[in-house]
Structures are given as C-alpha cells and as structure tokens.
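Subject: Structure handover

Hello,

Here is the structure for your files.

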Amino acid sequence: MPPQQTNITSATERDAAGLRLDFSIVLSLLRRYWRAFQEWRPRARLTLRDLSDRELMDIGLTRGEIDAISPERAIERLRDSTRTLWGRGGMRQATNSCRPLLRQGKEAIMISHAARPQADVEIRRLTVDDLDLFRDIRAEALRTHPQTFGSPEEDEGGEAMLAAYRRWLDGMVLGAFECGGLMGVAGFYVSPDRRSQHRGHIFTVYVREEGRGKGVGDRLIKELLAHAEARVEQVHLAVLLESTAAINTYKRNGFEIYGTDPAAVRMGEATYDKYFMVRKLGH
Ligand SMILES: CC(C)(COP(=O)(O)OP(=O)(O)OC[C@H]1O[C@@H](n2cnc3c(N)ncnc32)[C@H](O)[C@@H]1OP(=O)(O)O)[C@@H](O)C(=O)NCCC(=O)NCCS
C-alpha cells in the first residue's frame, strides 16, 4: 500500500473519530433541546379553549363569547339539556339559558370546587306566594334529613306548620331556581332578643340531591352573607358533625367552628352532636 495512502487512511480515521465525537455531542444536545421543547410545548399551546367555562367566566367572558370560542361545548350543553328535559317528561321550560343540574357521576366529587361546572340558577327571595313550593322542598328535606331539620311547629303539622312557614317567608328565605323549579333554599333571621340583635342566624339550608356539588349551596350562603352584612355583626348556625358537605360550604365562606353541642338531636336511641359555627362580618 503506498505510504501516502496509508497517511490518508489514518487521517481519515482520525477525522472520522473526531466527527463521531462531534456527532455524539450534537446528538446529545439535540436530545436535550427536544426534551426541553417537549416540556415547554404543552404550556405554550394552552389556549382559551383549554380553560373551563368557570375559568373563562372568571376572566370576564360572557356565555356567548365562551360558546363562540368552544361551540362543541354549547352543542353538548344543548344535547344534555334536551335529554334532561325529555327525561323529566316535557320540553315546556326549554330555553337556551336553562341548563340542567344533573350530577355527572361520582367523579364530579373528585374535582376541585373551582373546576366543577357551575349551575345556571336564578336566586331570588321567596315570598308567601311561594308557600306551596317551599312546603314541597321542606317536606323533602325533612324526609331525607330528619336529623338536620325539624321544628316543634313542623311536628304539629297542619295550620301551625303553615303559619310558621308564612312567617319564615315574610322574613328572608332565598330560593335557587333552575328551569323554573325550586332547587335549593336558605334562610336568615336576626336574633329577636334585643340584646342579641347584632347576631344573625342561617337556617333551612337545603339543596335537592340532583343539584348538589355545583355551587348552588355556596351561592345561597354568599347571598345571605351579603344581605346580613348591613344588618348584623356576626352570623351563627348549627350543623351536624356528619354534614361534611354543609361544613365545607360554610368554611369556604369564612365560618369557623366555635363549639360543639353534644347530643343536640335525639332520634330513637341515637343522638347527634352539632357544631356551632360563626362568621364575623367586617364593619
Ligand atoms: C349542604 C348543601 C346545602 C350544599 O349544597 P351544594 O349545592 O351541594 O353546595 P356546593 O356545591 O357549594 O358544595 C358543597 C360541598 O359539598 C360537596 N358535595 C356534597 N354533596 C355532593 C354531591 N352530591 N355531589 C357533589 N358534591 C357534593 C362538594 O364537593 C362541596 O365540597 P368542597 O367544598 O370540598 O368542594 C347540600 O349538600 C345539602 O342540602 N345537604 C343536605 C342538607 C344539609 O346538610 N343542610 C345543611 C344544614 S346546616
């Protein structure tokens, strides 16, 4: 083999070895860039469509704007709404803004409160004209949660009970309406005792099972607190230790537990304790 060729070959081998080295450096750099790109990419690609309806509303978008950004969600809502109305036996109250309050399976409980779909509800003060509606929902509450609700007048039933309900409805009882139906209620009164008139009380807090977990209870409490703000210095309530959902709602709205009422309720052999909770209002 000619010597120059030998030299060429070894020079080529050296160059090739150098190139392999450079190539592996380039390759490892490329890998690092690729990994960094992959990590960066999902954040960079976040668009308005990736946000939930609630998050979009939080940044000030209207329902119409949200539907324009994500028309498929509007179609899904319309489909669900139609299905629910058929399921309830009629389309009589179908409107575009009338969204169902269907629970969406157990997984709904697992997602955070902020991310959970919010219900389209109208909240308004009930009056004696709503007596029948109120009696219905209260009867349901008494039947499904006998440890939580009840009063001497209710035990008596008949006219005494209706008179008590009329008194309540003359005062401050809010109703949450979905598609024209009463989905939830919550009441407030100021202590009648002259020396305790800086204290208000929340009572008859109830949301029908199919409306729960969508912030209806939360909104009712917030509205009652807004009403209480101008009237009292602190708001009290009592809640069963077992009523975790209610306790969560109250805590989220600034209530604190300040005591326990042992065996506040007896039903047969069983007794139930209640927490006393208070929410101080800023004056
Ligand atoms: C307490 C009550 C009014 C809350 O109403 P709501 O509309 O479900 O309230 P919210 O949507 O604000 O949710 C309240 C909490 O309950 C949880 N929850 C309770 N029941 C739920 C259900 N069936 N589905 C999904 N979440 C539920 C929610 O996860 C939420 O907890 P979080 O704060 O950790 O997110 C309602 O559960 C109820 O009527 N309970 C029975 C009566 C009662 O206990 N009344 C209180 C008397 S003091």
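Two strands are taken to pair if DSSP finds at least two bridges between them. Helices (H or I, at least four residues) and strands (E, at least two) are DSSP runs, numbered from the N terminus. This is a predicted model, in which local features need pLDDT of at least 70 and side-chain atom pairs count only at pLDDT 80 or more, while totals for chains, interfaces and linings use all residues. Residues are numbered from 1 along each chain as its sequence is written.

Strands. β2 (residues 172–178) and β3 (residues 181–190) run antiparallel and are joined by seven bridges. Leu-174 has Ala-186 in β3 as its bridge partner. The two strands, β2 and β3, form a hairpin with two residues between them; in the turn, Cys-179 has a positive phi of about 50°. β3 also pairs with β4 (residues 199–207), in the antiparallel sense and over six bridges. There, Tyr-189 is the bridge partner of His-201 in β4.

Helices. The axes of α9 (residues 216–229) and α10 (residues 244–252) come within 10 Å and cross at roughly 45°. Axes are lines fitted to C-alpha atoms, for helices over the stretch in contact, with angles from 0 to 180 degrees between N-to-C directions. α9 is therefore oblique to α10 (under 35 degrees counts as roughly parallel, over 145 as roughly antiparallel, 65 to 115 as roughly perpendicular, the rest as oblique). Gly-217, Asp-218 and Ile-221 in α9 meet Thr-249, Tyr-250 and Arg-252 in α10 (contact: C-beta atoms, placed from the backbone, within 7 Å).

Regards

Conventions. Contact = placed C-beta atoms within 7 Å.
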